[in-house]
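Subject: Structure for your attention

Dear colleague,

I am handing over the structure below, together with an account of what was found in it. Please read the notes alongside the coordinates.

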Amino acid sequence: MAFAASEQTDDRSALPVALKVLIAGGFGVGKTTLVGSVSEIRPLSTEEALSAAGTPVDNLTGVERKSTTTVALDFGRITIRDDLTVYLFGTPGQQRFWFMWDELAIGALGAVVLADTRRLASSFPAIDYFERREIPFIIALNCFAGARRYEAEDVRMALDLEPDVPIILCDARSRESAKEVLITLVEHVLAATPEQSVSGIA
């Protein structure tokens, strides 16, 4: 989902650019919260109450008090400037809804893998998904109250990440913090693919 000016004109500010970004990660890491905190529109959320039917397959370890789950996607939008808009698509965290990921990933510029240091293992499916499909991603460590803080390199080793994958601390409830996460992702994508230049993010 990106639009650029025609090669027949040098006025690259004439046409808008729309970027599609995925917000992924395990169940209960704060994906819905992050989309909601940064979106300039009322976010679309497909959260439903957890039911007894899902008890045999839903892993609530570490998030026992969570009562809802995203069953399709979260959607939000943030305008960086008049001609640059970022569309956010939050993926479902529960394994039984992972079939949605393939549809959501079509046309994505890159992804944010939101992680909880208390449950790092829940990040592996998202990391594996984006690595296999060669979709650029960053790790955003959501700083939950009471969670132990780790050095970025310790997290990199635990998640077996490549040296060039950025790791950033964030507070998913904060608009400014969420915006910094998106800026970090776009800068990472541009560093890897400089020919697809998009300026003015910061």
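Apart from its neighbours within four places in sequence, Thr184 is in contact with Ile138, Pro166 and Ile168. Thr184 itself belongs to helix α5, which spans residues 175-192, and it counts as buried at 18% relative accessibility. Please bear in mind throughout that this is a predicted model.

On confidence, the chain has a mean pLDDT of 79, with 71% of its residues reaching 70 or more. Over residues 3-10 the pLDDT is below 50, although this stretch has eight contacts in the model beyond near neighbours in sequence. The pLDDT also stays under 50 over residues 196-202, for which the model has 13 contacts beyond four places in sequence. Where pLDDT is low, the predicted coordinates should not be read in detail, so I would ask you to treat the contacts of such stretches with that caution.

Helix α4 comes next. Val155, Arg156 and Leu159 are buried in this helix, and they cover an arc of only 105° around the axis, which places them on the same side of α4. The elements that cover these buried residues include α3, β6 and β7. Just after α4, Asp160 takes a positive phi of about 55°; this residue is found in the loop between α4 (152-159) and β7 (167-170), and at 63% relative accessibility it counts as exposed.

Glu134 also has a positive phi, near 55°, in a residue other than glycine. Glu134 lies in the loop between α3 and β6 (137-142) and counts as exposed, with a relative accessibility of 73%. As background, most residues other than glycine have a negative phi.

Turning to the aromatic residues, the structure holds six aromatic pairs. One of them is formed by Phe75 and Tyr87, which are stacked at 6.0 Å centre to centre with 15° between the planes. Since Phe75 lies in strand β3 (residues 68-81) and Tyr87 in strand β4 (residues 84-90), this pair ties together parts that are 12 residues apart in sequence. Tyr87 is partly exposed, with a relative accessible area of 23%. Another pair, Trp101 with Tyr129, is edge-to-face, with 5.2 Å from centre to centre and 85° between the planes. This pair links distant parts of the chain, with Trp101 in helix α2 (residues 101-105) and Tyr129 in helix α3 (residues 124-132), 28 residues apart. Both partners count as buried, Trp101 at 4% relative accessibility and Tyr129 at 9%. Trp101 and Tyr129 also belong, with Phe130 and Phe137, to one aromatic cluster.

Arg133 lies over the face of Tyr129, at 3.7 Å from the ring centre, while the charged end of Lys20 sits over the ring of Phe89, 4.8 Å from its centre.

As for salt bridges, a search of the whole structure finds seven. Among them is the one between Arg77 and Glu40, whose closest N and O atoms are 2.9 Å apart. Because Arg77 lies in strand β3 and Glu40 in the loop between α1 (31-38) and β2 (44-49), this bridge ties together parts that are 37 residues apart in sequence. Arg77 counts as partly exposed at 29% relative accessibility, and Glu40 is likewise partly exposed, with a relative accessible area of 35%.

A further salt bridge joins Arg118 to Asp116, again with the closest N and O atoms 2.9 Å apart. Here Arg118 is partly exposed, with a relative accessible area of 45%, whereas Asp116 is buried, with a relative accessible area of 0%. These residues, together with Arg119, are linked in a network of salt bridges.

Within helix α3, the side chains of Asp128 and Arg132 meet in a salt bridge of 2.9 Å, N to O; the two residues are four apart in that helix, about one turn. Asp128 counts as partly exposed at 34% relative accessibility, while Arg132 is exposed, with a relative accessible area of 64%.

With kind regards

How values were computed:
Residues numbered from 1 in each chain as written. Predicted model: local features only at pLDDT ≥ 70, side-chain atom pairs only at ≥ 80, totals over all residues. Heavy atoms only, no water. Phe/Tyr/Trp six-rings, centres within 6.5 Å; stacked < 30°, edge-to-face > 60°. Buried < 20%, exposed > 50% of the residue type's maximum accessible area, 1.4 Å probe, protein only. Lys NZ or Arg CZ within 6 Å of the ring centre and 35° of its normal. pLDDT = per-residue confidence, 0-100. Contact = heavy atoms within 4.5 Å. Arc of directions from axis to C-beta. Salt bridge = Lys/Arg side-chain N within 4 Å of Asp/Glu carboxyl O.
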